[in-house]
Amino acid sequence: MASKNFYLQLILRVTLLSLTALLAGFALYKQQLLLSFLCLVGVIIQTIVLIRHLNHTNRKIAYFFNAVKNEDFTLRFPEMGGPKSFNEIHQSLNALNNVIQKIHIQNQTQEQYYQEILKQAEIGILTYNDKGHILFTNPKAEKLINHTPLNHIKQLAQVDKKLYALFTTIQPFERKLIKLTNERETIQLSIKSTEINLNGELLRLMTIQDIHKELDEKETDSWIKLIRVLTHEIMNSVTPITSISESILRYYKGENGLLTINQIDENKIKNTAKGLEVIKNQGNDLMSFVQSYRSFLNVPSPDKKLIKVKELLEKIAVLMGQDIGLHHIEFKIMHTQNDLEIYADEKQVTQILMNLCKNAIQALKGSQNANLSLISGITKDNKKYITVKDNGPGIAPNLINEIFVPFFTTKNEGTGIGLSLSKQMMHLHEGNLTVHSIPNVETSFSLLF
């Protein structure tokens, strides 16, 4: 190991230095002045060489950490041609540099990806700190406010003094309306405020919406909830990375700065390796989160054809039969309209129904007299529907408006995109997915075509 080889060399040098000093003392005692002088010169030379040897190692480690601090990952240490102990230390530093570089690139890629999502959003998003400095604004916000670039909220006074006054007085989670008039038109903006805590800094997040042209109030709330979830997931992954990185740095720092190489023991190297493994896993988890978001954004257009609802529900019964029997659930299929047909993508509708059935089965675990029903028919306003109904614990009233928000989940498992993905598919069918729940009585999800 690197530490063992280094210690052996260090012990050898110190031993040789001690022997030379003893020989110098012995020669002086025997009044052999020439030999004593030569030994003294040898002691001085060996001491200088030892100090240069240690300082050389310290400088390499210092260069490494300074390079990491400045995000310079081009520093490489030679892994061949030197002493074995140094070669192994160089290999460890190069491996650590590669891991940190990979995580740095992943974080930059993810940050660019999320910023691109916000830039493409059809709603204005603006974030600023307690000093009024605007940290982020997407093109839609600049277009609605009719001012670019936006660097400080005081610039809003140039657009409209009332707008600047609104930004300085609006409270967290408050929504206000304001009319803006420019040379082209008069628009009415809905501005909503919320607060987010990012790396210990309290930021104000503003959403700006032209209520005549853009999203309605419910969609605004969905964007805010989505951003909160994204921030929460990112912080859950990044916080451990930051904490473990700081712990690893503390292994190599003391009160007087960087530790000398002889202070780095095997236990610190092992702990460093364990910490890097955790960092790698957190990075992989964050990449999985990004992949799940991409799947939500890339739902294919439905390949529609006429589907007999009766045959479709019988197919669902077969696919879910094993899970239904395993949990002793009473299962029924009811048709209020004979020979009902829908014009839809069979694969997507099957995926939606299976997801809803799986959710219902999970909710019914441990329930007595558990019932699950698939119901089809036509509503009073001539919309065709398929309903998945159960008598489980249901959904709490305070969560009923949250369940379709991407990545929101009350379960310990899953990504939280099942219901939002299902609703997105129904929107592509020019339909809708609705929910009705009376806790501990009945819960139903209806696909409206």
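# Questions on a predicted model

Author: Asn 146 is partly exposed, at a relative accessible area of 34%. The model is a predicted one.

Reader: Why is Asn 146 called partly exposed?

Author: Buried means under 20% relative accessible area and exposed means over 50%, with partly exposed in between. Asn 146 has 34%, so it is partly exposed. The residue sits in the loop between helix H4 (139–145) and helix H5 (156–159).

Reader: What makes the backbone of Asn 146 worth a remark?

Author: Asn 146 is not a glycine, yet its phi is positive, at about 65 degrees.

Reader: Where is His 147, and why does it count as buried?

Author: His 147 belongs to the loop between H4 and H5. Its relative accessibility is 16%, and the cut-off for buried is under 20%, so His 147 counts as buried.

Reader: Which residues does His 147 touch, not counting those up to four places away in sequence?

Author: They are Glu 142, Gln 155, Gln 158 and Val 159.

Reader: What makes the pairing of the His 147 and Gln 158 side chains a polar contact?

Author: A polar contact needs a pair of N or O atoms within 3.5 Å, one able to donate a hydrogen and the other to accept it. The side chains of His 147 and Gln 158 are joined at 3.3 Å, so the distance meets that limit.

Reader: Which peptide bond in this loop is cis?

Author: The bond joining Thr 148 and Pro 149 is cis, with omega at about -5 degrees. Pro 149 lies in the loop between H4 and H5.

Reader: How do you know that Gln 106 is buried?

Author: Gln 106 has 15% relative accessibility, which is under 20%, so it counts as buried. The residue is in helix H3 (residues 84–120). Beyond residues up to four places away in sequence, Gln 106 touches Gly 283 and Met 287.

Reader: What is the position of His 328, and why is His 328 called exposed?

Author: His 328 is in the loop between H9 and S9. Exposed means over 50%, and His 328 has a relative accessible area of 70%, so the word applies. Its phi is positive, near 55 degrees, in a residue other than glycine.

Reader: How does the span of H9 compare with the expected one?

Author: H9 has 18 residues and reaches 26 Å from its first C-alpha to its last, close to the 26 Å expected at 1.5 Å a residue. H9 also has a kink of about 55 degrees, centred on Met 320.

Reader: Which residues of H9 are buried, and what covers them?

Author: The buried residues are Val 309, Leu 312, Leu 313, Ile 316, Met 320 and Ile 324. Their cover includes strand S8 (305–308), strand S9 (330–335), S10, H10, S11 and S12.

Reader: Which residues touch the most other members of the largest nonpolar core?

Author: This core has 34 residues, and Leu 353, Leu 356, Leu 372, Phe 445 and Leu 447 touch the most other members. Among the elements that give two or more residues to the core are helix H9 (309–326), helix H10 (346–364) and strand S14 (442–448). H10 gives the most, with 8 residues. Nonpolar side chains tend to be buried together in soluble globular proteins.

Reader: What is Leu 356 in contact with, leaving aside its neighbours within four places in sequence?

Author: Leu 356 is in contact with Val 388, Leu 419, Leu 433, Phe 445 and Leu 447. A second, separate core has 20 residues, including Leu 144, Leu 166, Ile 170 and Leu 189.

Reader: How many helices and strands does the protein have, and what part of its residues counts as buried?

Author: There are 11 helices and 14 strands. Of the 449 residues, 41% count as buried. The accessible surface comes to about 25900 Å², with 54% of it belonging to carbon and sulfur atoms.

Methods
Residues are numbered from 1 along each chain as its sequence is written. This is a predicted model: local features need pLDDT of at least 70, side-chain atom pairs count only at pLDDT 80 or more; totals for chains, interfaces and linings use all residues. Side-chain values use heavy atoms; hydrogens and water are left out. Helices (H or I, at least four residues) and strands (E, at least two) are DSSP runs, numbered from the N terminus. Buried means under 20% relative accessible area, exposed over 50%, partly exposed in between (1.4 Å probe, protein chains only). Accessible areas come from the Shrake-Rupley method with a 1.4 Å probe; for residues, only the protein chains shown count as cover. A nonpolar core is a set of buried Ala, Val, Leu, Ile, Met, Phe, Trp, Tyr and Cys residues joined through side-chain atoms within 4.5 Å. Contact means heavy atoms within 4.5 Å. The expected span of a helix is 1.5 Å times one less than its number of residues. The bend at a residue is the angle between axes fitted to the seven residues ending there and the seven starting there.
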